Amino acid sequence: MWSELVTITAGSGRWTAFEEFHVHAAINAAARSFSIEIAAELGGSATNQVFAVGTEVTIATNGDLLLTGYVDEKEPAFSALHAMISVSGRSKSADLVDGSAEHDTGHFRNKDPLEIGQAVSSEYEAKWETDQQLDKVEQYQITPGETCYRCVEKLVRQQGFTIMGSPEGNAKITKAGQQRQAGSLIEGINIMAGRGSQNGRNRHSKIIVRGQRPFGHGDDNLEIEAQELDSAVKRHRAIIIIQDEDTTKERAKKRAKNRKNRAAGNSLKATISVQGFHDDTGQLWTPGNLVWTESQFLDISQDMLIESVDYVQNDGGSIATLNLVDPRAYGNEGAGGGKGNGSGADWDMG
């Protein structure tokens, strides 16, 4: 059993009297989340005050920041033999996920998604950031009542990017697979438990994206269509996707290709548990990173992408559960499985 040194700061003080803590971080989640089971060592009333709803919380492990956020919910409970306070919350970027976009006109011309996100959430504490070069959007109009997150997410999705909650509490526009985990996942060495999943329910032999532009005329603006074929699906299974927002032929083609790759990647997954929150080189297991994965039982021998990580510490020690997908599910076409690596035929993306 191995336990990491976890530091939980609530308000102005540090807290160590917890029976279990859990942090969830994902490449496709704009806010991280946490839950803590706390012993009321200061007494019920005082401990309840420390973790009052809205209190700022930071969680770090071995000096590496995992989360900066706020308490969303608190549930104290006791019996004759047991007293515990359950605390849960999310990172600061949850306010961007929940809060409505605010702007004087709601209309933008020739702005990229980061600029639009910053403009519609200027009053919020959490901020937008990116490590990518984003394309300008010709015109964009906020839908009344839509959240800051929804406003930005649909724009970055068209460009093949995703939004991830950062340890500092911001919403980061990024692309998965840009960095590599220093360590590897090897059955018989550091994999404690593993589970694979092959599920073809959402895969289609032909993906058709249709849309139109809100201005202009002619077929190039009014009858936009793009198709993508998934050769791994051997029977006819077509799906038609209507693009509601402004699009072009190029964007429609990109949407169809992203849809094919995402469906294929999501149909081929693995979940692996390892001891500790850091790999053998001391690097924190991080969503969005590539990691070489070998498991004879799961029939995997290839690069995989860490889609999410669950960091859990309790009496059983510190366990990180890694949810993995083929990297091509996030547009990394040069990585992953298929014929170039040693994975089985079920991992062929087509």
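**Entry 1: Glu-307**

I checked Glu-307 and found it buried, with a relative accessible area of 9%. My cut-offs: buried is under 20% relative accessible area, exposed is over 50%, and partly exposed is in between, using a 1.4 Å probe and protein chains only. This is a predicted model, where local features need pLDDT of at least 70, side-chain atom pairs count only at pLDDT 80 or more, and totals for chains, interfaces and linings use all residues. Residues are numbered from 1 along each chain as its sequence is written, and side-chain values use heavy atoms, with hydrogens and water left out.

Glu-307 sits in strand E20 (residues 300-314). Helices (H or I, at least four residues) and strands (E, at least two) are DSSP runs, numbered from the N terminus. I listed the contacts of Glu-307, leaving aside neighbours within four places in sequence; among them are Ala-25, Asn-28, Lys-269, Pro-287 and Tyr-330. Contact means heavy atoms within 4.5 Å.

**Entry 2: helix H3**

Which residues of H3 (residues 113-120) are buried? I noted Pro-113, Leu-114, Ile-116, Gly-117 and Val-120. They cover an arc of only 165° around the axis, which puts them on the same side of H3. The arc is that of the directions from the helix axis to the C-beta atoms. An α-helix has 3.6 residues a turn, so residues three or four places apart point the same way. The buried residues of H3 pack against several elements, including strand E8 (107-111) and helix H4 (148-158).

**Entry 3: the largest pocket**

I looked up the largest pocket and got a volume of about 550 Å³. On a 1 Å grid over the protein atoms alone, a pocket is an open set of points where a 1.4 Å probe fits, with protein on both sides within 12 Å along at least five of seven lines; lining residues have an atom within 4 Å of a point. The volume is the space filled by probe spheres set on the points, which are joined across faces, edges and corners.

The lining has 26 residues, and Arg-157, Gly-160, Phe-161, Asn-258 and Arg-262 lie nearest the centre. Helix H6 gives the largest share, eight residues.

**Entry 4: two loop residues**

I found a positive phi, near 50°, at Asn-62. Asn-62 is in the loop between strand E5 (56-61) and strand E6 (64-78). Asp-299 also has a positive phi, near 65°. Most residues other than glycine have a negative phi. Asn-62 is partly exposed at 40% relative accessible area, and Asp-299 is partly exposed at 39%.
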